[in-house]
Amino acid sequence: MPNKNFEPRDQRIDDALDTSGVRHRATLKQEWPLLLLLLFVWGALWQDFSLGNMVFGVIIALLIVNLFPLPPVVLSGRINAWYCLKLFIWFLGQVFAASVHVAWLALVRGKRTRSAVIAVPLRTDSDLIVMTVGHVLTLIPGSFVIDVDRSSSTLYLHYIDIESPADVEKARSGIRDIERRLIMAIGSRDEYEAIKSECGPNFDARKG
(Lines give C-alpha, C1' and ligand atoms only; values in the text may rest on other atoms or scores of the structure.)
Protein backbone atom coordinates (compact mmCIF):
# COMPACT_ATOMS: atom_id res chain seq x y z
CA MET A 1 0.00 0.00 0.00
CA PRO A 2 1.39 3.41 -0.88
CA ASN A 3 2.43 5.88 1.76
CA LYS A 4 -0.30 8.47 2.15
CA ASN A 5 2.35 11.17 2.65
CA PHE A 6 2.96 11.01 -1.11
CA GLU A 7 1.17 13.39 -3.45
CA PRO A 8 -2.44 12.30 -4.11
CA ARG A 9 -3.01 10.57 -7.43
CA ASP A 10 -5.68 11.52 -9.95
CA GLN A 11 -6.78 7.99 -10.75
CA ARG A 12 -9.67 9.12 -12.96
CA ILE A 13 -7.20 10.01 -15.74
CA ASP A 14 -5.27 6.77 -15.27
CA ASP A 15 -8.48 4.77 -15.43
CA ALA A 16 -9.80 6.56 -18.50
CA LEU A 17 -6.73 6.39 -20.75
CA ASP A 18 -3.66 4.23 -21.14
CA THR A 19 -0.19 5.58 -21.89
CA SER A 20 -0.96 5.86 -25.61
CA GLY A 21 -4.12 7.87 -24.98
CA VAL A 22 -6.48 5.01 -25.81
CA ARG A 23 -9.43 4.51 -23.47
CA HIS A 24 -9.21 1.49 -21.20
CA ARG A 25 -11.95 -1.06 -21.79
CA ALA A 26 -13.07 -3.63 -19.30
CA THR A 27 -12.89 -7.26 -20.36
CA LEU A 28 -15.84 -9.64 -20.23
CA LYS A 29 -14.17 -11.31 -17.22
CA GLN A 30 -14.25 -7.96 -15.40
CA GLU A 31 -17.75 -7.01 -16.53
CA TRP A 32 -19.71 -10.23 -15.93
CA PRO A 33 -20.88 -9.21 -12.39
CA LEU A 34 -22.24 -5.95 -13.86
CA LEU A 35 -23.92 -7.86 -16.69
CA LEU A 36 -25.59 -10.24 -14.23
CA LEU A 37 -26.81 -7.29 -12.15
CA LEU A 38 -28.24 -5.55 -15.22
CA LEU A 39 -29.90 -8.80 -16.28
CA PHE A 40 -31.48 -9.20 -12.83
CA VAL A 41 -32.72 -5.58 -12.85
CA TRP A 42 -34.21 -6.11 -16.34
CA GLY A 43 -36.11 -9.20 -15.22
CA ALA A 44 -37.26 -7.51 -12.01
CA LEU A 45 -38.53 -4.44 -13.86
CA TRP A 46 -40.60 -6.59 -16.23
CA GLN A 47 -41.37 -9.17 -13.54
CA ASP A 48 -40.55 -11.75 -16.17
CA PHE A 49 -37.61 -14.15 -15.88
CA SER A 50 -38.58 -16.29 -18.84
CA LEU A 51 -35.87 -17.50 -21.22
CA GLY A 52 -36.96 -15.19 -24.03
CA ASN A 53 -36.97 -12.10 -21.82
CA MET A 54 -33.60 -13.02 -20.32
CA VAL A 55 -32.04 -13.40 -23.78
CA PHE A 56 -33.36 -9.95 -24.70
CA GLY A 57 -32.04 -8.66 -21.35
CA VAL A 58 -28.56 -9.96 -22.18
CA ILE A 59 -28.65 -8.01 -25.46
CA ILE A 60 -29.75 -4.85 -23.64
CA ALA A 61 -27.04 -5.32 -20.97
CA LEU A 62 -24.33 -5.74 -23.62
CA LEU A 63 -25.54 -2.60 -25.42
CA ILE A 64 -25.44 -0.61 -22.18
CA VAL A 65 -21.89 -1.61 -21.21
CA ASN A 66 -20.65 -0.90 -24.74
CA LEU A 67 -22.46 2.41 -25.26
CA PHE A 68 -21.70 3.68 -21.73
CA PRO A 69 -18.38 2.04 -20.80
CA LEU A 70 -17.06 2.42 -17.26
CA PRO A 71 -13.40 2.18 -16.22
CA PRO A 72 -12.65 -1.42 -15.21
CA VAL A 73 -12.54 -2.19 -11.49
CA VAL A 74 -9.32 -4.12 -11.06
CA LEU A 75 -9.74 -7.15 -8.81
CA SER A 76 -6.93 -8.18 -6.49
CA GLY A 77 -6.77 -11.75 -7.77
CA ARG A 78 -6.80 -12.96 -4.15
CA ILE A 79 -9.63 -14.11 -1.91
CA ASN A 80 -9.46 -15.88 1.44
CA ALA A 81 -12.65 -17.79 2.21
CA TRP A 82 -11.86 -18.09 5.95
CA TYR A 83 -11.36 -14.34 6.39
CA CYS A 84 -14.49 -13.70 4.29
CA LEU A 85 -16.53 -15.92 6.62
CA LYS A 86 -15.09 -14.20 9.71
CA LEU A 87 -15.79 -10.81 8.14
CA PHE A 88 -19.42 -11.79 7.47
CA ILE A 89 -19.96 -13.03 11.03
CA TRP A 90 -18.28 -9.91 12.45
CA PHE A 91 -20.47 -7.72 10.20
CA LEU A 92 -23.68 -9.34 11.46
CA GLY A 93 -22.55 -8.76 15.04
CA GLN A 94 -21.77 -5.11 14.28
CA VAL A 95 -25.18 -4.55 12.68
CA PHE A 96 -26.92 -6.00 15.75
CA ALA A 97 -24.79 -4.05 18.25
CA ALA A 98 -25.13 -0.79 16.31
CA SER A 99 -28.91 -1.24 15.99
CA VAL A 100 -29.21 -1.62 19.77
CA HIS A 101 -26.95 1.41 20.30
CA VAL A 102 -28.93 3.63 17.92
CA ALA A 103 -32.21 2.52 19.52
CA TRP A 104 -30.78 3.39 22.96
CA LEU A 105 -29.70 6.84 21.73
CA ALA A 106 -33.16 7.49 20.30
CA LEU A 107 -34.99 6.41 23.44
CA VAL A 108 -32.64 7.74 26.14
CA ARG A 109 -30.57 10.57 24.67
CA GLY A 110 -32.99 11.84 22.09
CA LYS A 111 -32.21 15.36 20.84
CA ARG A 112 -29.14 15.54 23.08
CA THR A 113 -27.35 13.09 20.80
CA ARG A 114 -24.59 14.80 18.86
CA SER A 115 -23.12 13.77 15.53
CA ALA A 116 -20.30 14.90 13.28
CA VAL A 117 -18.95 14.71 9.76
CA ILE A 118 -15.50 13.11 9.86
CA ALA A 119 -12.83 12.45 7.23
CA VAL A 120 -11.06 9.09 7.23
CA PRO A 121 -8.05 8.62 4.92
CA LEU A 122 -7.71 4.93 4.13
CA ARG A 123 -4.41 3.14 3.59
CA THR A 124 -5.40 1.43 0.36
CA ASP A 125 -5.67 2.93 -3.11
CA SER A 126 -7.84 0.06 -4.39
CA ASP A 127 -11.21 1.31 -5.67
CA LEU A 128 -12.73 -2.06 -4.78
CA ILE A 129 -11.63 -1.86 -1.12
CA VAL A 130 -12.59 1.81 -0.77
CA MET A 131 -16.04 1.12 -2.25
CA THR A 132 -16.59 -1.94 -0.06
CA VAL A 133 -15.56 -0.11 3.11
CA GLY A 134 -18.10 2.58 2.23
CA HIS A 135 -20.87 0.04 1.68
CA VAL A 136 -20.11 -1.81 4.92
CA LEU A 137 -20.20 1.48 6.87
CA THR A 138 -23.47 2.54 5.27
CA LEU A 139 -25.10 -0.80 6.13
CA ILE A 140 -24.08 -0.52 9.79
CA PRO A 141 -26.57 1.78 11.61
CA GLY A 142 -25.12 5.04 12.91
CA SER A 143 -22.83 5.93 10.02
CA PHE A 144 -23.36 7.06 6.44
CA VAL A 145 -20.86 7.86 3.69
CA ILE A 146 -21.60 11.28 2.18
CA ASP A 147 -18.58 11.72 -0.08
CA VAL A 148 -15.41 10.02 -1.32
CA ASP A 149 -12.19 11.71 -2.40
CA ARG A 150 -10.90 9.14 -4.83
CA SER A 151 -7.52 10.85 -5.35
CA SER A 152 -6.56 10.31 -1.69
CA SER A 153 -8.87 7.37 -0.80
CA THR A 154 -10.56 9.50 1.85
CA LEU A 155 -14.09 8.79 3.06
CA TYR A 156 -16.29 11.54 4.49
CA LEU A 157 -18.94 10.20 6.83
CA HIS A 158 -21.80 11.39 8.96
CA TYR A 159 -21.25 9.63 12.27
CA ILE A 160 -23.67 9.55 15.18
CA ASP A 161 -22.83 9.90 18.89
CA ILE A 162 -19.65 11.96 18.56
CA GLU A 163 -19.00 14.04 21.67
CA SER A 164 -15.25 14.68 21.67
CA PRO A 165 -12.05 14.44 19.61
CA ALA A 166 -11.45 11.10 21.32
CA ASP A 167 -14.74 9.81 19.87
CA VAL A 168 -13.62 10.95 16.41
CA GLU A 169 -10.35 9.03 16.71
CA LYS A 170 -12.22 5.98 18.00
CA ALA A 171 -14.51 6.13 14.96
CA ARG A 172 -11.55 6.47 12.58
CA SER A 173 -9.84 3.52 14.24
CA GLY A 174 -12.96 1.40 13.80
CA ILE A 175 -13.23 2.33 10.13
CA ARG A 176 -9.59 1.44 9.50
CA ASP A 177 -10.27 -1.87 11.23
CA ILE A 178 -13.00 -2.54 8.64
CA GLU A 179 -10.45 -1.74 5.94
CA ARG A 180 -7.98 -4.17 7.56
CA ARG A 181 -10.56 -6.97 7.65
CA LEU A 182 -11.47 -6.41 4.00
CA ILE A 183 -7.83 -6.42 2.92
CA MET A 184 -7.29 -9.69 4.77
CA ALA A 185 -10.34 -11.15 2.98
CA ILE A 186 -10.07 -9.80 -0.58
CA GLY A 187 -7.09 -7.43 -0.73
CA SER A 188 -4.08 -7.91 -2.95
CA ARG A 189 -1.06 -9.87 -1.78
CA ASP A 190 0.94 -6.64 -1.40
CA GLU A 191 -1.79 -5.05 0.73
CA TYR A 192 -2.06 -8.18 2.85
CA GLU A 193 1.69 -8.20 3.48
CA ALA A 194 1.57 -4.48 4.31
CA ILE A 195 -1.13 -5.14 6.93
CA LYS A 196 0.98 -7.93 8.44
CA SER A 197 3.96 -5.57 8.60
CA GLU A 198 1.88 -2.80 10.14
CA CYS A 199 0.42 -5.05 12.85
CA GLY A 200 3.82 -6.60 13.57
CA PRO A 201 3.90 -9.15 16.41
CA ASN A 202 0.20 -8.45 17.12
CA PHE A 203 -0.92 -9.71 13.71
CA ASP A 204 -1.89 -13.20 14.90
CA ALA A 205 -3.86 -11.72 17.80
CA ARG A 206 -5.74 -9.37 15.43
CA LYS A 207 -6.60 -11.89 12.72
CA GLY A 208 -10.26 -11.66 13.68
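This is a predicted model: local features need pLDDT of at least 70, side-chain atom pairs count only at pLDDT 80 or more; totals for chains, interfaces and linings use all residues.
1. Residues are numbered from 1 along each chain as its sequence is written, and side-chain values use heavy atoms, leaving out hydrogens and water.

2. Now the rings. Those of Phe, Tyr and Trp (its six-membered ring) pair if their centres lie within 6.5 Å; planes under 30 degrees apart are stacked, over 60 edge-to-face, and the rest tilted. The count by this rule is four aromatic pairs. One of them joins Trp42 and Trp46, a tilted pair at 5.8 Å centre to centre with 55° between the planes.

3. Trp42 and Trp46 are four residues apart in helix H2 (residues 28–46), so about one helical turn separates them. Helices here are DSSP runs (H or I, at least four residues), numbered from the N terminus. Trp46 is exposed, with a relative accessible area of 56%.

4. Trp42 also pairs with Phe56: the ring centres are 5.7 Å apart and the planes at 55°, so this pair is tilted. It links distant parts of the chain, with Trp42 in helix H2 and Phe56 in helix H3 (residues 51–67), 14 residues apart. Phe56 is partly exposed, at 43% relative accessible area.

5. Taken together, ring pairs link Trp42, Trp46 and Phe56 into a cluster.

Notes
Helices (H or I, at least four residues) and strands (E, at least two) are DSSP runs, numbered from the N terminus. Buried means under 20% relative accessible area, exposed over 50%, partly exposed in between (1.4 Å probe, protein chains only).
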